[in-house]
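Me: I'm new to this one and I'd like to know what the labels rest on. Could you take me through them?

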Amino acid sequence: MILGDLINYKGGIINLETGLVIIKIKRKEIMINFDILLLGNNKAVLRIPWLQEYNLKINWIIGDVEI
């Protein structure tokens, strides 16, 4: 779900993926592959297991993210 709306993308099948991508958050590098789907204005969707694994500290008011 994004903003309360269910993501219904090609019957639940996502068959496109990036190669290995390195993202940097506060000087820490994380290597990850991303599934690709059309999200409109949303740049990425992070699932609960990913958020649990990296245990990010997110300040929603100022948009700051820490690992």
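Me: Why does valine 45 count as partly exposed?

Reply: First, a word on the model: it is predicted, so local features need pLDDT of at least 70 and side-chain atom pairs count only at pLDDT 80 or more, while totals for chains, interfaces and linings use all residues. Residues are numbered from 1 along each chain as its sequence is written, and side-chain values use heavy atoms, with hydrogens and water left out. Now, buried means under 20% relative accessible area, exposed means over 50%, and partly exposed is in between (1.4 Å probe, protein chains only). Valine 45 has 38%, so partly exposed is the label.

Me: Where does valine 45 lie?

Reply: In the loop between strand S2 (28-32) and helix H1 (48-54). Helices (H or I, at least four residues) and strands (E, at least two) are DSSP runs, numbered from the N terminus. The protein chain has 1 helix and 4 strands, and their order from the N terminus is β-β-α-β-β.

Me: What makes glutamate 29 and lysine 24 a salt bridge?

Reply: You need a side-chain nitrogen of Lys or Arg within 4 Å of a carboxyl oxygen of Asp or Glu. Here the closest N and O atoms are 3.6 Å apart, so the pair qualifies. The structure holds 1 salt bridge. Side chains of opposite charge can pair when their charged atoms come close.

Me: Why is lysine 24 called exposed, and why is glutamate 29 called partly exposed?

Reply: Lysine 24 has a relative accessible area of 62%, so it lands over the exposed cut-off. Glutamate 29 has 49%, so it stays in the middle class.

Me: How much of the protein chain is buried?

Reply: Buried residues are 13% of the 67 residues in the protein chain. Its accessible surface comes to about 6100 Å², with 54% of that belonging to carbon and sulfur atoms.

Note on methods:
Areas by Shrake-Rupley, 256 points an atom, 1.4 Å probe, with all protein chains shown as cover.
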